[in-house]
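Me: Hi! Could you walk me through this one while I have it open on my screen?

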Amino acid sequence: MRNPLLVNALEMLRRPGTAKEVEISILPSVLDIDDQRLVPGTEITVEVQCESLSDGIVVNGHIEAEFHGECRRCLQPVGSVLHIEVHELYQLVVTDPDAFAIHNDQIDLAPMVRETVLIELPDAPLCRIDCAGLCPTCGVDFNVENCGCAAPIIDSRWAALDALRDQLPE
Ligand SMILES: [Zn+2]
Ligand SMILES: [Zn+2]
């Protein structure tokens with residue numbers, strides 16, 4: 001299957017300042033991505049502008065992917081659209097350590113998109129930044145209700161500290 005993220009760079013490099021838009025939605029499998037953090041059946045959207053320099057091509061734009069998972073504190077399902085800004089450089093002769101190479105007068109956006117999505121997919125998402133999590137003793141979701149467990153635990157810790165303090169010399 002033809003890689004839909006291959007962009008012909010020959011003409012662009014002949015005329016520095018030439019721009020080309022790439023707007024495409026593709027299934028992760030086309031990019032060799034098999035990751036359960038991505039919502040099955042949804043496509044990754046790539047919207048970038050490629051602009052030529054005399055010796056390379058600058059790629060600016062964004063990538064979107066739908067992810068899902070479990071809140072790392074309360075274990076409730078979470079999901080959202082990942083929106084990733086990209087600013088990349090492709091070079092004929094790679095001198096920038098972060099740049100991608102131009103091969104056969106083409107730039108291949110696929111490895112860049114794959115790498116970017118895999119780096120940005122959250123490993124341990126939160127349902128919200130201040131999620132209160134679960135009670136470690138009874139499992140009650142603190143976002144929804146309170147339980148009586150937490151207080152005695154804290155009390156006993158303070159009691160232990162007090163006992164230690166009593167042993168310290170004045
Ligand atoms: Zn949560
Ligand atoms: Zn509890």
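**Strands, zinc sites and a proline**

Reply: Happy to. Valine 48 has glycine 61 of S4 as its bridge partner. Keep in mind that this is a predicted model.

Me: How many bridges hold S3 and S4 together, and which way do they run?

Reply: S3 and strand S4 (residues 56–70) are antiparallel, paired over 8 bridges. The link from S3 to S4 is a hairpin of 3 residues.

Me: And what about S2 and S3?

Reply: Strand S2 (residues 19–26) and strand S3 (residues 44–52) are antiparallel too, and 8 bridges join them. For a pair to look at, glutamate 23 is bridged to glutamate 47 in S3.

Me: Switching topic: which residues coordinate the zinc ion (ligand 1)?

Reply: Cys71, Cys74, Cys127 and Cys131, each through SG, at 2.2 to 2.3 Å. Along the sequence, their spacing reads C-x2-C-x52-C-x3-C.

Me: What's the arrangement of the donor atoms there?

Reply: Tetrahedral, because the 4 donor atoms around the zinc ion (ligand 1) subtend angles of 104 to 113 degrees. For reference, the ideal angle for four tetrahedral donors is 109.5 degrees.

Me: Are cysteine 71 and cysteine 74 buried or exposed?

Reply: Both cysteine 71 and cysteine 74 are buried.

Me: Where does proline 125 sit?

Reply: Proline 125 is in the loop between helix H2 (109–120) and helix H3 (150–167). It is 54 residues from cysteine 71 in sequence, yet the C-alpha atoms of the two are 5.3 Å apart.

Me: What does proline 125 touch, leaving out residues up to four places away in sequence?

Reply: Phe67, Glu70, Cys71, Arg72 and Val78. Proline 125 also counts as buried, because its relative accessibility is 12% and the cut-off for buried is under 20%.

Me: Now the zinc ion (ligand 2): what are its protein donors?

Reply: The SG atoms of Cys135, Cys138, Cys147 and Cys149, lying 2.2 to 2.4 Å from the zinc ion (ligand 2). Their spacing along the chain is C-x2-C-x8-C-x1-C. Cysteine 135 and cysteine 147 both lie in the loop between H2 and H3, so this pair ties together parts 12 residues apart in sequence.

Me: What about the angles around the zinc ion (ligand 2)?

Reply: The 4 donor atoms subtend angles of 106 to 112 degrees, so the arrangement is tetrahedral.

Conventions:
Residues are numbered from 1 along each chain as its sequence is written. Chains are lettered from A and ligands numbered from 1 in the order in which they are written. This is a predicted model: local features need pLDDT of at least 70, side-chain atom pairs count only at pLDDT 80 or more; totals for chains, interfaces and linings use all residues. Side-chain values use heavy atoms; hydrogens and water are left out. Donors are N, O and S atoms within 2.8 Å of the metal (3.2 Å for Na, K and Ca); water is not among the atoms, so sites may look incomplete. Four donors count as tetrahedral if all angles lie between 85 and 135 degrees; four count as square planar and six as octahedral if opposite donors are over 155 degrees apart and all others between 65 and 115; anything else is irregular. Buried means under 20% relative accessible area, exposed over 50%, partly exposed in between (1.4 Å probe, protein chains only). Helices (H or I, at least four residues) and strands (E, at least two) are DSSP runs, numbered from the N terminus. Contact means heavy atoms within 4.5 Å. Two strands pair if DSSP finds at least two bridges between them.
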